[in-house]
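Welcome, and please open your viewer. We will go from stop to stop, and at each one you will hear what to select and what to look for.

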There are 2 protein chains.
Amino acid sequence: MCVQDGLDPRARYTQDLVGAGHLIPLGVPGLFGRGGDFEGVITRFQALVRAEGQGDGAIEVHFPPIFNRAHYCSISHIHNFPDLIGSVHSFTGGEKEHRELVRKFENRAEEDWTRDLTPADSMLVPAACYPLYPGLKGTLPAQGSLYELVGWVFRHEPSDDPARMQIFRQREYVRLGTEDQATAHRDSWMQRARDLLQTVGLDAELVVANDPFFGRGGRMAKASQREQALKYELVVPITSTEKPTAVASCNYHRDYFGLAFDILSADGQPAHTACVGFGLERVALALFKTHGLDTASWPETVRQRLSLS
Amino acid sequence: MCVQDGLDPRARYTQDLVGAGHLIPLGVPGLFGRGGDFEGVITRFQALVRAEGQGDGAIEVHFPPIFNRAHYCSISHIHNFPDLIGSVHSFTGGEKEHRELVRKFENRAEEDWTRDLTPADSMLVPAACYPLYPGLKGTLPAQGSLYELVGWVFRHEPSDDPARMQIFRQREYVRLGTEDQATAHRDSWMQRARDLLQTVGLDAELVVANDPFFGRGGRMAKASQREQALKYELVVPITSTEKPTAVASCNYHRDYFGLAFDILSADGQPAHTACVGFGLERVALALFKTHGLDTASWPETVRQRLSLS
């Protein structure tokens, strides 16, 4: 046993999670494999989210972890969050270029083989719902549209905090329509998501979100986001009680995606959109933090709710 | 209705799949979202694979779609399959560099903003089991080890064939141990996987694999792979009867990963490894091709086997 006192709480919780087999370190900060029990909790929590939304008539869609680079370039993510992006690069040369690539690769302490790569037609997905919007170009039905999806999200923010992974999954319900339809979706899910988390013993607090917009210019965007109260987060202590972690968010995008991808509501105006998203790894991390590392010792009500008993 | 005669069979099947809501085009060849029914078939087929392997005592692990760049650099994937790689690049500059990045981005018809990015610590995963091996450094128990995993795999091979996606999922059982343990795993799964596919109405043929090693040097590797009969594939017609598509493979890696990642079998020799992998999207594509686009009309035996009835 190692003495844990003095360890940063984030490093300590990571150590506990790795020791219990829940996380598998991959040698890069914020990059982990997941053990079977950890994954099982995520699977069961997802079933609860689906059950909660079941009566709403959402259309189920799934997207892979990468999406069209041209679609990425249609939004302003690179202006707001350049430090988080993941651009996919490939090798498109012939045999001669390959010999040169391999030469540099073999000599990689001195040379940068990656300069011989070219940008592929794809980017890693920065938020689970981004790949949805480009395909919805056109006019929505009068009642708007509702989608459910789950996907992998990449954010390049290497960290010692196990709750700040570089790649993780979000499960979302996305609403498109008029301003009223979009804000009603966001507002109703603030309560529904909070209640849902409560049923698995997570006492989440609702706060106005504070996204990490980049740089000095970002300070204005950040202030504006707070002032307009566009996005709310449900936060739970994971590695800090002072700075609890968002495990879900309810986000109203105004007509940002409607304008970017020519999506119109039935009245001919650019569609407004809103989504509720659950950070699945963070929910699991909050559950293991709150109830203990062994699901067998979790409170019986929580075990039943997650079909663990 | 459009006239379909004259259309390439791959384009025609893609059109059918998109029309039925099974695939959602993302505007890049080989990049698709998945509809709810398509995903449901994958979920149910995975349950069958798990049920088949359940008694074998495999340890369940899960890895994200990216893994450690240093681990990628420990194997010779870049020598053999440079054209398939996906390297993740990020922006690590400050505010000044960001202004320059955005300037180039705004002027991207003329300038290449991606040259301002730097390689991140991660690569897209080229085969689902690659992230497993580095963490197993050390000596295996006498009986060896068995893992089950599922993960996203990236291969940069833009194609009109819906069965040749750029990103897809593999479910695998990976065996590590002595040469006998590894080859026994591969050999037994040739029959088990074939039988499993038969139960859902897929009449798969077992063939020696022919991996697309790159370039002239690759021709030797390809011949050697065939000659040693290291890898077998189970192929089913999807978009071509002459060139049926591999929906599963049984691969013996000799001591390739044992040597690369210092994994020893109990006798102190570099571990030998073997895996069976199911290409989940391809299995679903083969099922929709064989039984029709609407799961409601699939043969009752297949529907029952996949818990669709």
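Predicted model: local features only at pLDDT ≥ 70, side-chain atom pairs only at ≥ 80, totals over all residues.

Which residue of S8(B) is the bridge partner of Ile59(B)? Select Tyr147(B) to see that partner.

Next, select helix H2 (residues 36-53) of chain A. Try the distance tool on its end C-alpha atoms: they are 26 Å apart. That agrees with expectation, because 18 residues at 1.5 Å a residue should span 26 Å. Then highlight some buried residues of H2(A), among them Phe38(A), Val41(A), Ile42(A), Phe45(A) and Val49(A). A handy rule while you look: an α-helix has 3.6 residues a turn, so residues three or four places apart point the same way.

Time to look inside. In soluble globular proteins, nonpolar side chains tend to be buried together. The largest nonpolar core here has 90 residues, and Trp113(A) and Trp113(B) have the most contacts inside it. Centre on Trp113(A): beyond its neighbours within four places in sequence, it touches residues of chain A including Leu101(A) and Phe105(A), and residues of chain B including Cys73(B), Ile78(B) and Met123(B).

Now move to His77(A), in helix H4 (residues 77-80) of chain A. Is His77(A) buried or exposed? It counts as buried, because its relative accessibility is 6%. Its side chain makes a polar contact of 2.9 Å with that of Tyr72(A). Other residues in contact with His77(A) include Pro82(A), Pro126(A), Tyr130(A) and Tyr256(A).

For the last stop, show the open sheet of six strands, ordered S4(A)-S6(A)-S5(A)-S5(B)-S6(B)-S4(B) with antiparallel pairing. Its edges are strand S4 (66-68) of chain A and strand S4 (66-68) of chain B. From one strand to the next, the twist averages 50°. Zoom in on strands S5 (residues 87-90) and S6 (residues 118-124) of chain A, which three bridges join. There, Ser90(A) has Thr118(A) as its bridge partner.

Key
Residues numbered from 1 in each chain as written. Chains lettered and ligands numbered in written order. Heavy atoms only, no water. Pairing = 2+ DSSP bridges. Helix = DSSP H or I, 4+ residues; strand = E, 2+ residues; numbered from the N terminus. Expected span 1.5 Å × (residues − 1). Buried < 20%, exposed > 50% of the residue type's maximum accessible area, 1.4 Å probe, protein only. Core = buried A, V, L, I, M, F, W, Y, C linked by side-chain atoms within 4.5 Å. Contact = heavy atoms within 4.5 Å. Polar contact = N/O pair within 3.5 Å; in protein donor to acceptor, adjacent residues only side chain to side chain. Axes fitted to C-alpha atoms, helices over the stretch in contact; angles between N-to-C directions.
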